[in-house]
Amino acid sequence: MKVSLSWLNEYASINSAPEEMAAKLTMAGLEVESFNGRFDYLDKVVVARVEEVLKHPKADRLHCCKVNVGAETLSIVCGAPNVKEGMLVPCARIGAVLPGDFKIKKGKLRGEVSEGMLCSASELKLDSDTSGLMALDGSLVPGTPLVEALTLSDTVFEIDLTPNRPDCLSMIGVAREAAAFQEPAVELKLPETVLPAERADVSINDLAGVDIKNPELCPRYCASLLVDVTVGPSPFWLQQRLESVGLAPINNVVDVTNYVMMETGQPLHAFDFDLLSRNRIEVKTAGADTKFTTLDGREHRLEPDMLMICDGEKPVAIAGVMGGENSEISKNTTRVLIESAYFNPVSVRKTAKRTGIGTDASHRFERGVDPAATRQVLERATVLMADLAGASIAEGIIDEHPLPVPGVEIRLNIDQLNRRLGTDLPADRIKDLLESVSFGVTQESEALLVVSVPSFRVDVARPEDLSEEVARLWGYNNIKTSFPAVSPSRTSLSPRLVFRDIVRECMVGFGFSEAVNYSFTSAESCDRLNLGADDPRRSVEKLLNPISEDMSVMRSSLVPGLLETMKRNNSQQVDTLRLFEVGNTFLATGKGIQPDEREKLSALWTGSRVAPSCHTKAETCDFFDLKGVVEGLLNDLGIEGAVFSRASREEHPYFKQGVAAAVEAEGKPLGVFGQVDPAVLKSFGLKQDAFVFELDITELLAAAPEAVVSTPLPKFPAISRDITLVVDRDVASGTIMAEVDTFVKKERLVEDAFLFDVYEGKPLAEGKRSISLRIIYRSWEKTLKEKKIKGLHERISKSLIERFGADLPS
């Protein structure tokens with residue numbers, strides 16, 4: 001449903017910004033799917049001054065104009081009869097899209113260039129005047145956007161209502177909700193309707209009659225009569241209101257019924273009274289009538305139990321769904337019978353489904369309209385229609401009400417409500433909340449309220465419904481999360497299991513697939529990894545009865561299993577792999593004693609950096625890609641202060657010399673990563689480069705924080721500055737970053753720092769390399785200026801130069 005903010009303001013003074021309004025309505029249960037400016041289509045329409053008007057050389061009714069639009073002067077061909085030099089008019093510039101999907105383009109009219117369009121008010125949907133150009137106030141400045149010049153402002157909300165809130169299928173219903181959430185609270189202003197004292201000298205009771213044959217399907221039916229009606233176009237304000245919510249204007253009679261329906265939520269129908277046989281209305285089921293043609297010209301097959309509106313001889317409308325072609329309002333109509341009724345929602349729903357007709361009227365009737373407002377809404381439409389159609393109102397109103405709908409009164413226990421919601425609201429606060437949306441509330445005792453449900457709230461029938469009302473009006477966000485004081489039926493998962501799942505999710509997020517290899521491996525794996533004779537990982541646990549020679553020992557590392565998996569995939573022409581495995585490794589501790597188990601995380605990356613596509617150039621992965629994964633994993637796990645250093649060749653001989661690193665946190669080793677040595681790859685039958693890491697799950701779990709502490713998003717922009725240092729080749733970049741991290745921790749304006757470039761080669765001297773860092777500065781209190789960080793940046797640079805004996809690049 002579309003809702004116009006300017007229309008809402010007729011009933012409640014909305015002081016919230018559209019964004020805030022949308023959020024409040026959504027939290028109140030009226031989900032706002034989107035909202036936009038109603039006059040956004042005028043974004044390329046500006047105020048323009050006509051500087052020169054010349055006759056078109058090839059067309060008598062066209063003029064060639066020079067138009068000042070502020071920054072430039074445009075040539076525009078115009079056919080309006082009232083165009084003249086000096087007048088200010090709206091100009092649609094090239095690229096504008098006017099109502100009717102009319103796009104403004106540069107072109108030629110009879111050989112003359114036209115660079116835009118001078119507009120009338122009707123072309124811009126700002127008035128119904130089609131006589132000529134829209135003349136603007138002479139004090140306006142050319143080039144000013146028309147929306148700004150005319151102070152045009154309106155927002156249209158698209159609201160997705162749940163079926164239980166038919167009361168909000170109207171402007172007044174939404175305004176009631178919006179008024180309840182304004183701060184300070186505002187009063188709902190309902191339109192006042194007073195039937196005129198002067199009436200036509202005829203009475204509706206003398207000219208017409210209403211007979212309800214099936215009161216269980218139509219508990220109430222009201223009708224009024226207008227005479228001396230003049231059917232014609234609606235005034236511009238009414239057309240604008242209907243168009244703002246997506247309805248097309250038809251004529252002043254039909255438009256009034258649609259306007260009042262959108263205002264109140266009560267559908268209405270207007271009959272040409274002179275087309276009603278015997279000037280009477282009978283509300284009854286279709287019976288033997290089998291065919292009926294509706295207003296849209298479609299013929300429908302009726303079923304006997306469908307409720308119909310009939311005259312003295314035939315059906316003239318499908319009750320609550322659509323009127324008939326045989327009683328349609330036309331330009332010749334002079335007498336109009338207005339219908340306002342309450343139909344059984346289930347009956348309307350069934351009829352709409354069977355006939356395949358879905359209308360704004362059936363949408364409201366099948367959800368339930370206000371049974372007490374039937375006559376009041378009819379009076380509102382009658383007075384408005386009489387005014388716009390120059391008609392007279394016949395004396396009296398027919399109000400057949402064979403089955404009055406009883407009011408609903410609910411006894412609300414305050415203690416039970418608070419227990420149900422987990423709140424501690426006092427009775428007077430609950431009373432105020434309910435009264436803000438028109439519930440009647442009296443306090444019978446300290447713990448008991450008697451609530452009279454307004455007739456338009458057909459969805460409220462029991463205390464639980466009132467609890468929901470209080471919850472949404474109080475604000476769901478204000479209700480604290482609580483848990484029942486009941487012992488859980490099962491114990492929670494161990495931290496290690498939870499942590500393991502988090503690690504798996506992180507690796508999958510990095511694009512890796514999980515591999516599950518056997519815990520058994522070949523006794524030759526240690527030799528293939530080139531492990532030293534005294535390496536602890538050579539203490540493998542041998543199996544007494546192995547399945548095969550390739551599964552004769554328990555694995556002491558996950559790396560051989562991943563390399564074997566890589567080999568199998570390469571043999572199937574799968575050259576790019578990102579695999580990880582979480583599993584135990586086993587080290588023998590002595591005969592008859594269980595092996596020492598350590599849970600590890602290992603990963604392998606080989607082949608392309610990204611999946612091949614037409615958008616990217618093929619690039620192979622490298623050491624720094626895998627380092628990025630390790631850094632990303634530690635960051636996701638909340639492990640801070642990780643330090644990277646060169647991995648020892650003696651401890652990790654399966655890595656290529658100089659392309660391996662160890663990582664530790666708080667002085668404890670977490671693992672290693674690097675490029676697999678070509679000789680090791682050859683021993684596994686592999687030909688392409690591979691990069692692996694192996695981390696200790698136990699150490700990762702110990703280093704990870706028990707709880708995650710969040711920080712708010714920054715309000716002020718950051719400033720970044722770079723530092724490039726020329727250092728000796730053996731100075732590790734990780735050592736430099738560790739030093740920089742001390743500034744990140746102690747200087748409140750330093751938010752982050754990272755390495756972004758390492759270079760060796762000419763023109764640098766032999767044995768030297770340049771390392772480039774980027775430092776991010778940010779204040780949480782204000783926007784930083786250059787002079788604020790200049791001294792700090794120089795101090796950091798000086799400290800690094802002195803600490804590492806560095807030079808600045810020449």
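In which helix is the place of glycine 509? In this predicted model, glycine 509 belongs to helix α14, which spans residues 495–509. Its relative accessibility is 63%, so glycine 509 counts as exposed. Leucine 633 is 124 residues away in sequence, yet the two C-alpha atoms are 9.8 Å apart in space.

Helix α4 (residues 171–180) is mostly covered, with 9 of its 10 residues buried. Among them are Met171, Ile172, Val174, Arg176 and Glu177. The cover over these buried residues includes β1 (2–4), α1 (5–8), α2 (18–27), β12 (155–160), α7 (252–264) and α13 (463–474).

The whole structure holds 56 salt bridges. One of them, in helix α17 (residues 623–636), is discussed here. Lysine 627 and glutamate 631 meet at 2.7 Å, N to O. The two residues are 4 apart in that helix, so about one helical turn separates them. Lysine 627 is buried at 19% relative accessible area, whereas glutamate 631 is partly exposed at 35%. Elsewhere, salt bridges with shared partners join Arg165, Asp167, Glu177, Arg457, Asp459, Glu469 and Arg472 into one network.

A further salt bridge pairs glutamate 464 with arginine 420 (3.8 Å, N to O). Glutamate 464 lies in α13 and arginine 420 in α11 (residues 414–421), so the pair ties together parts 44 residues apart in sequence. Glutamate 464 is partly exposed at 35% relative accessibility, and arginine 420 is partly exposed at 37%.

Lysine 787 sits in helix α21 (residues 786–804) and is exposed, with a relative accessible area of 73%.

Methods
Residues are numbered from 1 along each chain as its sequence is written. This is a predicted model: local features need pLDDT of at least 70, side-chain atom pairs count only at pLDDT 80 or more; totals for chains, interfaces and linings use all residues. Side-chain values use heavy atoms; hydrogens and water are left out. Buried means under 20% relative accessible area, exposed over 50%, partly exposed in between (1.4 Å probe, protein chains only). Contact means heavy atoms within 4.5 Å. A salt bridge is a side-chain nitrogen of Lys or Arg within 4 Å of a carboxyl oxygen of Asp or Glu.
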